[in-house]
Amino acid sequence: MAVMEAVGLTKLFPGRRGFFGGGGGTVRAVDGVSFAIEGGQTLGVVGESGCGKTTTARLVLGLEKPTGGAIRFEGCDLQTLDAAGRRHYRKSVQAVFQDPYASLSPRMRISAIIAEPLVTNESPSAEELSRRVRQLLDLVGLPAHAADLFPHEFSGGQRQRIAIARALSLSPRLVVLDEPVSALDVSIRAQILNLLRDLQAELGLSYLFIAHDLAAVAHMSHTIVVMYLGKIVETGEAQELSRAPKHPYTQALFSAALPSHPDERRDEIILSGEVPSPLNPPSGCRFHPRCPRAMPVCGVEEPTLRDVEGHLVACHLYDMGAGGRGLGET
């Protein structure tokens, strides 16, 4: 059974009105998204800024309430949980955020930062609390004396290790990783990603991994979801999707990513224009104004996800009845 499932997940926000009363409308930040995160595995979510990645993470963390659809954790709909169920969910789903300089209080010692979730949720003895903090520091590769220091005494990579230790303090089943290495030096990123993989193998953790770095997503994930303007346009097994993407948007994203090997050659795909406003998304396929392979049907009819060689792809190129030539033939 999946640790977490999203079914038709939707989040709408009211648009801001202008100074003279104009604007308004509704922002469809997440629009009918469905996915599953299996035990001990990583679901990677990629897409340009504004595609709905962070809103999806906030919905999973309970920081936003969905407008529609459902999130199920261990088979239970979050909307039906009682107080005890909600406490269990908050303990079982933790997060590591993008900026380790902003996510740690500069006025608290590391021991207090890591211990805070334990004190709030479990009220352990002082001796047990100290033992657990030392154990967590060791788990993320930091020495025991780090507990007595303050965040400013650590590098960015070390601060992110502290944030990971805090996220693990309540023994969660799922950790939401929202751009966890994008604020770090390139030389440190691989160390943190490898630490996260080692922890996953050791503790059986599940990850929701959100990032702009496609190489990092492909390295970390078992399954990848590609989002555009609040919609899933493609999903599939990570290595296969990164090797042979099907949707024109996914192809453009991976063509711009750094290759995994210096000798690898890729055809660069340049997308025209900017991401449209989610206040007024294009009709039909939301990607069609920027798509180099758009057909007349793309501006009229919204494509649905369909199986294409093991991927789920929302694209009329693979729809024999919509003017395409079938399964990617061009």
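# Burial, contacts and domains in a predicted model

Mentor: In helix α1, the residues Lys53, Thr55, Thr56, Ala57, Leu59, Val60 and Leu61 are buried. Please keep in mind throughout that this is a predicted model.

Trainee: Which residue just after α1 takes a positive phi?

Mentor: That residue is Gly62, with a phi of about 80°.

Trainee: Which value of phi does Ser171 have, and where is Ser171 found?

Mentor: Phi of Ser171 is near 55°, a positive value in a residue other than glycine. Ser171 is found in the loop that runs between α5 (156–168) and β7 (174–178).

Trainee: And what makes Ser171 count as buried or exposed?

Mentor: Exposed requires over 50% relative accessible area, and Ser171 is at 55%, so Ser171 counts as exposed.

Trainee: How do you know whether Glu179 is buried or exposed?

Mentor: Glu179 has a relative accessible area of 8%, which is under the 20% cut-off, and therefore Glu179 is buried. Its place is in the loop between β7 and α6 (186–203), and phi of Glu179 is near 50°, a positive value in a residue other than glycine.

Trainee: Where is the place of Leu104, and which residues does Leu104 touch?

Mentor: Leu104 is in the loop between β6 (93–96) and α3 (110–121). Not counting residues up to four places away in sequence, Leu104 touches Ile113, Pro151, Arg159, Ile162, Ala163 and Arg166, with a touch taken as heavy atoms within 4.5 Å.

Trainee: Why does Leu104 count as buried?

Mentor: The value for Leu104 is 4% relative accessibility, under the 20% cut-off, so Leu104 counts as buried.

Trainee: How do you know whether His247 is buried or exposed?

Mentor: With a relative accessible area of 1%, under the 20% cut-off, His247 is called buried. His247 lies in the loop between α8 (238–243) and α9 (248–256), and, not counting residues up to four places away in sequence, His247 touches Val233, Glu234, Phe287, Val313, Ala314, Cys315 and Tyr318.

Trainee: How is the protein divided into domains?

Mentor: Domain 1 takes in 38–60 + 82–243, and domain 2 takes in 246–259 + 284–330. The C-alpha centres of domain 1 and domain 2 lie 33 Å apart, and the contact takes 16 residues from domain 1 and 16 residues from domain 2.

Trainee: How many helices and strands does the protein have, and why is the protein called as compact as a globular protein of that length?

Mentor: The protein has 9 helices and 12 strands. Its radius of gyration is 21 Å, close to the 20 Å that the globule rule gives for 330 residues, so the protein is as compact as a globular protein of that length. Along its principal axes, the C-alpha trace spans about 70 × 50 × 45 Å.

Trainee: What do the totals for burial and contacts come to?

Mentor: Of the 330 residues of the protein, 48% count as buried, and among contacts between residues at least 6 apart in sequence, 64% join residues at least 24 apart.

Notes
Residues numbered from 1 in each chain as written. Predicted model: local features only at pLDDT ≥ 70, side-chain atom pairs only at ≥ 80, totals over all residues. Heavy atoms only, no water. Helix = DSSP H or I, 4+ residues; strand = E, 2+ residues; numbered from the N terminus. Rg over C-alpha atoms; globule rule 2.2 N^0.38 Å. Buried < 20%, exposed > 50% of the residue type's maximum accessible area, 1.4 Å probe, protein only. Domains from an automatic or database assignment.
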